[in-house]
Amino acid sequence: MEAEIKKSYGEKDQEHLWHALKPYQAQAAPLIAESGEGSWFTDTEGNRYFDGVSGLWCLNLGHGQTEIIEAATEQMKALAYFPLSFGHKPAIDLAEKLNELLGGGYRSFFANGGSDANETAFKIARQHHKQSGNPEKTKIISRYRAYHGNSLGALAATAQANRKMKYEVNVPGFIHIPPPYAYRSAFGSYDDDDLRAAEYLEQTILWEGPESVAAFIMEPVISGGGVIHPQSDLYYKKVRDICNRYNVLLILDEVVSGFGRTGKMFGYMHGESLYPDIITFAKGLTAGYLPLGATCVKESIYQSFKDTGTTNHFRHVSTYGGHPASCAVALKTIELIERHDIVKQVATLEADVLSQLRQLTSHALVGEVRGVGFLYGIELVSDKASKKPLEDEQIKTIVAACQKKGLIIGKNGDTVPSGGNVLIIAPPLTSTREDLTFLVETIQEVFAEIE
Ligand code: PMP
């Protein structure tokens, strides 16, 4: 009898698995993870890596959080599943906790993840206006470079052309404006970029007709689009004022920035007077241990859904949104963040890491290093004067060189027109000083080698 030849995971991977995002040929030597410990993981070949992007910016507390694992197990033992057309204890407890963290006055609808949470937000925004005497308020404004999800509505809000052009026709009713991005100011003005970007929002609302605009969605810090944030609080203040002035709901996508990633519990806390009408969470909400999304809405918006015995309620459901185990995991995640003062820890270590990474700007290929909390972007250019984005092949070489040294970092999606030329670094929030030293020194080494 012929001996059965056992295939390696590499071979089976190539035969069966369809990888996200990667071009086909990039799957030739896939990295196949097997186990994890803290901020590190080991692949099937026994190689150890530091996860400098927390998976997809979600594994915020690293691997091996036994309390989270136990919370999921205990919840599954008690109640494996229940839909949220009724209620269950972990969803109620989580909604209460989120309301507390948001300072009160918010109600939560649970979803599966970030895309789903944003879709939910758009539907709530439109239905709210319809039921509040403004039926024509339907348009949603979002910002170029932002990513808001993969489903067709969330993708329509996503303003990264390369991610969308193969799926046209895109869902209508979404309008894009430039974000504040001083390094490549759409307004040709580094110093006034925040102000001009905010004024452009107002112009757009006026040009479109305020009676037709339902909502403006933004990440407090654009993450996947290349770690882009305003220079000061001015932008946030203006945006809030403008949304108030025209009855445009401000949806904050905190799928990445929520739960400590930016050195504050939520990204909007970087703006003194900034607050969301609707805020969406996923990723860090469960530290990546189970899928969950949340759409938290101001009570005043919820009021317009109060059923009057007619049809005002929200005709929206998600089988797994708010799964009991996911909610139990989220509650434990938040408890751990609070108990271990994780947000403060991030804020304390941030300046050190950022200042070390900023030293890279002396390198010919580094145009700008920016970021906040544990979310950093290194924008690569082939020429500092013209800011011409570095060729994709060269960027991939840098990412691969880091991987060879045991460090996983990311890069932004293929954003037009500046290319996917920003290296993205977002280590687990529980990373130790030694972990962060490894992260910074490895990147420095790679840049020294290409000098
Ligand atoms: N919003 C932002 C800002 C994101 O980064 C992502 C995912 N990268 C999403 C929404 C979509 O989340 P999900 O992949 O969980 O659907």
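**Figure 1. Division of the predicted chain into two domains.** The chain is split into domain 1, comprising residues 9-64 + 341-450, and domain 2, comprising residues 67-339; the model shown is predicted. The centres of the two domains, taken over C-alpha atoms, lie 26 Å apart. Across the boundary, 33 residues of domain 1 are in contact with 30 residues of domain 2. On the side of domain 1 that touches domain 2, at least two residues each are supplied by helix H2 (54-57), helix H12 (342-358), strand E11 (366-372), strand E12 (375-383) and strand E16 (422-425). By class, this side of domain 1 consists of 17 nonpolar, 10 polar and 6 charged residues.

**Figure 2. The open sheet E1-E2-E3-E14.** The view shows 4 strands in an open sheet with mixed pairing, ordered E1-E2-E3-E14. Strand E1 (33-37) and strand E14 (407-408) each have a single partner strand, so one side of each lacks a neighbour in the sheet. Strand E3 (residues 48-51) pairs with E14 in the parallel sense over 2 bridges. Asp51 has Ile408 of E14 as its bridge partner.

Figure 3. Ser35 lies in strand E1. Ser35 counts as exposed because it has 12 C-beta neighbours inside 10 Å. When residues up to four places away in sequence are not counted, Ser35 touches Phe41 and Thr42. Gly46 is 11 residues from Ser35 along the chain, and the C-alpha atoms of these two residues are separated by 9.6 Å.

**Figure 4. Strand E7 and its parallel neighbours.** In strand E7 (213-218), 6 of the 6 residues are buried, so the strand is largely enclosed by the rest of the structure. Strand E5 (residues 139-143) runs parallel to E7 and is joined to it by 3 bridges. Ile141 has Phe216 of E7 as its bridge partner. E7 is also joined to E8 by 4 bridges, again in a parallel arrangement. Met218 is the residue whose bridge partner in E8 is Leu252. The chain passes from E7 through H9 to E8 in a right-handed β-α-β crossover.

**Figure 5. Helix H9 and its covering elements.** The buried residues in H9 are Tyr235, Tyr236, Lys238, Val239, Arg240, Ile242 and Cys243. An α-helix has 3.6 residues a turn, so residues three or four places apart point the same way. The cover over the buried residues of H9 includes helix H8 (193-208), strand E7 (213-218) and strand E8 (249-253). Just after H9, Asn247 adopts a positive phi of about 50°.

Figure 6. Most residues other than glycine have a negative phi, and most peptide bonds are trans. Trp57, found in helix H2, has a positive phi near 60°. Trp57 counts as buried because it has 23 C-beta neighbours inside 10 Å. Phe259 lies in the loop between E8 and strand E9 (278-281), and its phi is positive, near 65°. Phe259 is buried, with 28 other C-beta atoms within 10 Å. The peptide bond from Glu168 to Val169 is cis, with omega near 15°. Val169 is found in the loop between helix H7 (161-164) and strand E6 (174-177).

Methods
Residues numbered from 1 in each chain as written. Predicted model: local features only at pLDDT ≥ 70, side-chain atom pairs only at ≥ 80, totals over all residues. Pairing = 2+ DSSP bridges. Domains from an automatic or database assignment. Contact = placed C-beta atoms within 7 Å. Nonpolar A, V, L, I, M, F, W, Y, C, P; charged D, E, K, R; others polar. Buried ≥ 20, exposed ≤ 12 C-beta atoms within 10 Å, placed from the backbone. Right-handed = clockwise from strand over helix to strand, strands pointing away.
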